[in-house]
Amino acid sequence: MDKNTWIGFGLIALILIGFSLFNRPSKEELARRQHYRDSVEYVRRMEREAEEISRSLKEQSESKAEQQTAEELSERLDAVYGVFALSAQGEEQMTTLENELLRLTITNKGGRIFKAELKQYKSYGDTVNYLSLFDDKESQLGFTLVTLNNRILNTQNLYFEPLETVVQDGSQTLTMRLNTNTDAYLDFIYTLYDDDYMVDFNIQAVNMQSVLAQNVNYLEMQWSQLIPQHERGRKFEDRYAQVTYKFAGGDDMGKLSESKNDKEQVTGRLHWIAYKDQFFSTVLIADDAISSANIESRMMNRGSGYIKAYSTKGSLSFDPSGQQTTILHWYLGPNKYNTLKAYDHGVEKGQKLYLKRLVPLGWKIVSWINMWLVIPMFDLFTSWGMNIGLVILLMTIVIKLIIFPFTFQSYRSSAKMRVLKPELDAINEKYPAEKMQERQQATMNLYNKAGVSPMSGCLPMLLQMPVIMAMFWFFPTAIELRGQSFLWAEDLSTYDAILSWDKQIPIISWLFDNHLSLFCLLMTITNVIYTYLNMQTQAGGNDPTQKMMRWMMYLMPIFFFFVFNDYAAGLSYYYFVSLLLTIIQTYIFRLSIDDEKLRKKMMEQSKNKQAKKKSGFMARLEKMQREQQAYMREQSKQRSRR
C-alpha cells in the first residue's frame with residue numbers, strides 16, 4: 001500500500017461521493033415520493049371501506065328502516081369519496097371503437113382500455129379469434145387524484161360516464177367523463193383513426209382546480225401489463241420480449257434486461273415506454289414526457305401462459321384548470337419496420353418517435369445493410385404476391401450474386417495456397433517444429449515469391465460477414481414471416497418441428513427443447529458437406545495444430561445445429577439454400593480454375609523476383625520476423641555469457 005495506491009482509493013471515493021450527490025433527487029422529488037408512500041395505506045383502507053359500502057348498498061331492501069340505513073351508508077360514501085361519491089358506484093359498461101386493423105373495448109370503470117385486439121393477426125394455434133394484446137385481467141391503468149381535503153383516490157376504482165361516440169371523416173372519438181357533484185369533471189378522450197394502429201388519448205380537466213389539491217400540476221400514473229405467449233416457441237419469444245423506452249428531446253434509448261428480472265428508476269424525461277413482445281408492442285407516448293418513471297420487468301413461469309410482467313409508475317404533466325390538455329397516444333400494433341417507420345415521415349428531427357427501433361436489426365453496420373438492402377429487397381419481392389419461401393429463395397440468389405466477386409477471390413486465394421502444398425511440405429520437413437521461426441520465414445519467402453498473401457483469402461470472407469449477420473438479425477424479427485407456410489413448415493417465423501415430445505429427458509430436452517427442426521437439420525447436413533468440400537480445397541499438412549483445426553471446422557456445424565434448432569424456420573431455410581448455392585459455386589470455381597496452369601503461372605512469377613514487388617503487409621511481416629529472430633539470438637548470447 002504505497003502513496004499512489006492511497007491516492008487512487010481517495011480519487012475513487014471522491015468520484016463515488018460526487019456521483020451520489022449529483023444523482024440525489026431534489027427536495028421536491030423526495031417530498032413527492034414521501035407523499036405517495038404515505039398515501040398508499042390510506043388509499044387501500046379507503047378502497048376496502050368503499051367496497052363494504054357499495055356491497056351494503058346493494059343489499060338494502062325497500063323497507064323504511066333499510067332505506068334509513070342506506071341513507072346512512074350514502075353519507076359514509078360521501079365522507080370517503082367527497083365530491084367523487086357520484087362516481088364511486090355503478091354498473092360496468094363496455095364501448096367499442098373499431099377500424100380495419102384494431103378493435104378496442106373501453107370500460108367505464110376506470111375509463112381505460114379493457115381489451116385491445118389486432119384484426120389482421122391471430123395467436124399461434126387459434127384460427128378463430130383476433131390476436132389480443134391484453135384484456136381486463138392482463139392490463140391495469142390508473143391515475144391518482146388528491147382532493148382538497150386530502151382524500152387520495154384512483155381512477156381505476158371510479159365509474160366514468162361514456163358519452164356518445166362522435167364519428168367524423170376518418171375518425172371515431174369516445175369521451176369517458178368522470179363526474180363530480182359540482183360543475184367540475186375529468187374527461188378521458190379516445191380517438192381512433194381509419195387504417196391506423198395509433199390511438200390518441202387526451203386527458204382534459206374542467207374546473208378540477210376547485211376539487212383537487214392546490215399546486216398539483218402532475219398526475220401519478222400506475223400502468224401494468226402481462227404479456228401473453230402468442231408464438232409457438234416460448235424460449236425464442238422470451239428473448240425478444242422486453243421493456244424499451246426513449247428519452248425526450250433526442251434519439252437516446254434505454255431498455256430493461258430480457259433475460260432476467262430487472263427494474264430501473266429513470267430520472268430523465270421519457271418520450272415513450274414500450275411493453276414489447278417479439279412481434280407486437282403496447283407503447284404509451286407522451287407529448288410532454290413521462291417523468292420520475294419506475295419501470296419493472298419480471299419473468300413469468302412456463303405454463304402460466306405469459307412471457308413477462310411489466311409495470312411502470314411515473315408522473316404526467318396535468319393542468320386541473322383545463323387550459324392545457326395532457327396529450328398521450330397509444331400504439332397498439334405489430335413490430336413491423338415499415339409501419340413503425342411511417343410515424344416519422346414529415347416529422348421534425350426533435351419530435352421523431354423512432355418507434356422503428358422496436359425492431360432489432362443488429363449492430364450499426366449490420367442495421368444499415370438491413371435498412372438499405374435487405375428490407376427494400378424483401379418488400380419488392382413480397383409485393384409480387386409470391387410465397388414467402390420463394391421470396392427467400394430469390395433473396396438468397398440476389399445476395400449470392402452481390403458477394404460473388406468476394407467469394408471467387410477467396411476461392412482463388414485458397415487455390416493458390418493449395419497448389420503450393422509440395423513446397424510447403426518440403427519446408428515443414430526441412431524445418432521441424434522446434435525451428436518454428438525459420439519455418440515461418442521460409443514459408444513467407446515462398447508466398448512472396450509466388451505472389452500469394454495469406455490475408456487475401458480472409459479479406460473477402462470478412463466483407464461477406466456483415467451480410468450474413470444482417471440476415472441473421474432480419475429473419476427472426478420479420479413479422480411478415482409470421483403465419484406464412486412453406487413446404488412442411490407451418491410458420492416460417494418459428495421452428496418447424498418434425499419430431500417433438502413432452503417428457504423431460506435429462507440433457508436431451510435441454511439441448512433440443514423437446515423438438516427437432518427439419519430445416520435446421522438440413523442446414524447442418526449441408527454445412528458438413530460444404531465443410532468437407534472446403535477442406536479438400538485447402539492446403540493440407542501433418543501439423544497437429546492443422547489437424548485440430550480441421551476437427552474444429554467439422555464440429556462447428558454441429559454446434560450451430562443446437563443454436564438454430566429454436567430459431568425461425570425462415571432463417572434456417574435461408575442458410576440451407578445459401579449453402580447449397582455455395583456448393584454449386586464451388587464446383588463452378590473448380591471447373592474455371594486449372595490448378596496446373598495456376599501453379600505454372602505462379603512458378604514463372606517466382607523465377608522473376610525483380611519483377612515482383614512485395615506487398616506492404618508481407619514486407620512488414622518479414623521485417624517483424626527478422627527483428628524477432630535477432631532479438632532471440634541476442635537473448636541467447638546473453639544467457640550463454642552468464
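This is a predicted model: local features need pLDDT of at least 70, side-chain atom pairs count only at pLDDT 80 or more; totals for chains, interfaces and linings use all residues.
Colleague: Thanks! How many helices and strands are there in the protein?

Modeller: You will find 17 helices and 21 strands. Among contacts with a separation of 6 or more, 65% join residues 24 or more positions apart.

Colleague: Now to helix packing. By what are two packed helices described?

Modeller: The general idea is to give the angle between their axes and the distance between the axes. Here, helix α6 (residues 364-382) packs against helix α7 (residues 388-402) at about 135°, and their axes are 10 Å apart. That angle is why α6 counts as oblique to α7, since only angles over 145 degrees would count as roughly antiparallel. The crossing of α6 with α7 is right-handed.

Colleague: Which residues in α6 and α7 meet?

Modeller: From α6 come L373, V374, M377, F378, F381 and T382, and they meet I388, V391, L394, M395, V398, I399 and I402 in α7. By type, the residues of this contact are 12 nonpolar, one polar and no charged.

Colleague: How does V83 count in terms of relative accessibility?

Modeller: Residues under 20% are buried and those over 50% are exposed. V83 has 23% relative accessibility, so V83 is partly exposed.

Colleague: Which residues does V83 touch, leaving out those up to four places away in sequence?

Modeller: Those are T180, N181, T182 and V211. As for L148, 65 residues from V83 along the chain, the two C-alpha atoms are separated by 10.0 Å.

Key: Residues are numbered from 1 along each chain as its sequence is written. Side-chain values use heavy atoms; hydrogens and water are left out. Helices (H or I, at least four residues) and strands (E, at least two) are DSSP runs, numbered from the N terminus. Contact means heavy atoms within 4.5 Å. Axes are lines fitted to C-alpha atoms, for helices over the stretch in contact, and angles run from 0 to 180 degrees between N-to-C directions. Angles under 35 degrees count as roughly parallel, over 145 as roughly antiparallel, 65 to 115 as roughly perpendicular and the rest as oblique. A crossing is left-handed if the near helix is turned anticlockwise from the far one by less than a right angle, and right-handed if clockwise. Ala, Val, Leu, Ile, Met, Phe, Trp, Tyr, Cys and Pro count as nonpolar, Asp, Glu, Lys and Arg as charged, and the others, Gly among them, as polar. Buried means under 20% relative accessible area, exposed over 50%, partly exposed in between (1.4 Å probe, protein chains only).
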